[in-house]
Amino acid sequence: MTSPAVSSRALPHPERDEIRLEDVLHALSDPMRLRIVRELAAVSGELSCSHFDLPVTKSTTTHHFRVLRESGVIRQVYRGTAKMNGLRWDDLEGLFPGLLDALLDAAGRQAGRLAP
């Protein structure tokens with residue numbers, strides 16, 4: 001049996017069949033959210049929210065993670081006191097084959113082109 005304290009920390013995520021392309025594209029259209037996704041894509045697991053050093057306020061960072069989670073791009077789970085984040089690769093690849101790879105490749109090329 002799950003204790004109420006643990007179950008109240010569960011975060012809502014869309015089911016795979018509820019993920020919509022326009023929501024994913026909207027989530028990835030913001031430079032900070034794309035940065036988060038690029039960092040998550042560079043690891044083969046999860047990263048805590050505190051890992052990310054974004055040049056925005058904590059409340060804005062929280063908003064960006066919520067948009068990514070609610071769009072189905074990431075999955076967030078509590079592990080102890082840390083909120084862990086991981087890409088939903090399998091779900092996104094199953095629904096939109098090649099989309100995430102193409103977007104990450106394009107973002108990497110753009111970052112290289114715009115680097116000082």
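## Close-up views of a predicted model

View 1. Strand S2 (residues 74-79) and strand S3 (residues 82-87) run antiparallel and are joined by 6 bridges. The model shown is predicted. Ile74 of the chain stands opposite Leu87 in S3. Arg75 faces Gly86 in the S3 strand. Between the two strands of this hairpin lie 2 residues. Gly80 takes a positive phi there, near 70°. Strands of a sheet pair through backbone hydrogen bonds, either parallel or antiparallel.

View 2. Leu47 has Asn85 as its bridge partner in S3. Which residue stands opposite Arg75 in S3? That residue is Gly86. In a regular strand the side chains alternate between the two faces of the sheet.

**View 3. Met84 in strand S3.** Met84 is found in strand S3. Is Met84 buried or exposed? Its relative accessible area is 15%, so Met84 is buried, the limit for that class being under 20%. Which residues does Met84 touch, leaving aside those up to four places away in sequence? They are Glu46, Leu47, Ser48, Arg75, Gln76, Val77 and Arg79. Of these, Leu47 is bridged to Asn85 of S3, and Arg75 stands opposite Gly86. Ile74 lies 10 residues from Met84 in sequence. The C-alpha atoms of Met84 and Ile74 are 9.9 Å apart.

**View 4. Met32 in helix H3.** Helix H3 (residues 31-41) holds Met32. Met32 has 18% relative accessibility and therefore counts as buried. Leaving out residues up to four places away in sequence, Met32 touches Leu54, Pro55, Val56 and His64.

**View 5. Thr61 in helix H4.** Thr61 lies in helix H4, which covers residues 58-71. Thr61 counts as buried because its relative accessibility is 13%. Beyond residues up to four places away in sequence, Thr61 touches Leu54 and Val56. Leu54 and Val56 are also among the residues that Met32 touches.

**View 6. His63 in helix H4.** His63 lies in helix H4. Is His63 buried, partly exposed or exposed? At 33% relative accessibility, His63 counts as partly exposed. Partly exposed covers the range between the under 20% of buried residues and the over 50% of exposed ones. Arg33 and His63 are 30 residues apart in sequence. In space, their C-alpha atoms are 9.7 Å apart.

View 7. How many helices and strands does the chain have? There are 6 helices and 3 strands. From the N terminus on, the elements run α-α-α-β-α-β-β-α-α. The radius of gyration is 15 Å, close to the 13 Å of the globule rule for 116 residues, so the chain is as compact as a globular protein of that length. Along the principal axes, the C-alpha trace spans about 50 × 30 × 25 Å. Among contacts with a separation of 6 or more, 66% join residues 24 or more positions apart.

View 8. Buried residues make up 34% of the 116 residues; Met84, Met32 and Thr61 are among the buried ones. How many positive and negative side chains does the chain have? It has 15 positive and 15 negative side chains. The centres of the two sets lie 6 Å apart.

How values were computed:
Residues numbered from 1 in each chain as written. Predicted model: local features only at pLDDT ≥ 70, side-chain atom pairs only at ≥ 80, totals over all residues. Heavy atoms only, no water. Helix = DSSP H or I, 4+ residues; strand = E, 2+ residues; numbered from the N terminus. Buried < 20%, exposed > 50% of the residue type's maximum accessible area, 1.4 Å probe, protein only. Contact = heavy atoms within 4.5 Å. Pairing = 2+ DSSP bridges. Rg over C-alpha atoms; globule rule 2.2 N^0.38 Å. Lys, Arg positive; Asp, Glu negative; His and termini not counted. Charge placed at Lys NZ, Arg CZ, Asp CG, Glu CD.
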